[in-house]
Amino acid sequence: KNKKIIITIDGWSSCGKSTVAKELANALGYVYVDSGAMYRAITLYFLRNHIDWTHKKAVKEALENISLEFIYNPQSEKSEMYLNSENVEYVIRDLVIAEKVSEIAAIKEVREFAVAQQQKMGEKRGIVMDGRDIGTIVFPDAELKIFMTADNAVRVERRFQELYEKNPNITLEEVKNNLELRDYIDSNREISPLRKADNAIILDNTQLTPKEQFQKALKMAHEAIEHA
Ligand code: CDP
Ligand code: CDP
């Protein structure tokens, strides 16, 4: 059987979601969408343009001027985030963005803007999307839902290594505080909080290498496609 399915990967910050999602998509010939990149790009726009996001009207007006697009880069083997035709894939990973993104992602209008586009991208199925509310809100009827977890200390260390390579001034403490803050806001917000969907399979990768976690996820995907 060759039916194309939807695979959702949700979980806490920095627990390996995008690593697995990208590899799964490439192995299956599916599209990979990093939904977090969209919230990060919106945050970049708000910061650059000094948008007062505590005001509904300012948020609405700003969103009207934002165009988000994913364009595949064969070099990185993934779709990269474009904000109004500018490649922002790398700048949005900055801690400055991470410090504000959860606050902005909690705004109703921002979520409606992003979710509508995400659902459109999944219309033809054959998609792997990672985020926080993908299995619960964006694609509640997805054939395979994975909920990723890893011990806090391990997640902090992994994200610290990534950020430290780009900026040696960064401290472990800053990264730890940011992950804790985001996880708190993301799982306690009113609209679409981070939750494990009832029918999601938990994948704890604390003790797994990226290769091992990929093999487990691929097995789940083959089984889901088989039963679709
Ligand atoms: O990769 P990392 O775990 O650091 O986070 P991300 O996936 O890039 O997401 C950044 C932020 O966007 C999250 O902390 C959430 O506040 C928000 N987000 C969301 O609200 N809903 C999603 N589906 C994806 C991300
Ligand atoms: O997308 P998310 O924020 O959940 O995490 P990620 O960006 O895929 O992974 C965060 C970091 O952890 C990356 O540097 C991965 O290479 C690393 N990682 C790891 O060391 N071992 C794993 N089993 C999974 C991810």
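Predicted model: local features only at pLDDT ≥ 70, side-chain atom pairs only at ≥ 80, totals over all residues.
Residues count from 1 along each chain as written, while chains are lettered from A and ligands numbered from 1 in written order. Local features need pLDDT of at least 70 and side-chain atom pairs pLDDT 80 or more, whereas totals for chains, interfaces and linings use all residues.

**Exercise 1.** Find which elements give two or more residues to the shell around ligand 1.

*Solution.* Start with the 16 residues around ligand 1 (C-beta, placed from the backbone, within 6 Å); Ser13, Gly36, Tyr39, Ala105 and Gly131 come nearest. H2 supplies the largest share, four residues.

**Exercise 2.** Do likewise for ligand 2.

*Solution.* Gly16, Lys17, Ser18, Thr19 and Arg158 are the closest of 16 surrounding residues. The elements giving two or more are H1, helix H7 (152–166) and H9.

**Exercise 3.** Locate the largest nonpolar core and follow Ile146.

*Solution.* First, gather buried Ala, Val, Leu, Ile, Met, Phe, Trp, Tyr and Cys joined through C-beta atoms within 7 Å; buried asks for 20 or more other C-beta atoms within 10 Å, C-beta atoms being placed from the backbone. The largest set has 29 residues, and Ile146 is among those with the most contacts inside it. Then list what Ile146 touches (C-beta atoms within 7 Å): Ile9, Ala200, Ile201, Leu203, Ala217 and Met220, leaving out residues up to four places away in sequence. Finally, note a second, separate core of 21 residues, including Leu44 and Leu83.

Technical notes. Buried ≥ 20, exposed ≤ 12 C-beta atoms within 10 Å, placed from the backbone. Contact = placed C-beta atoms within 7 Å.
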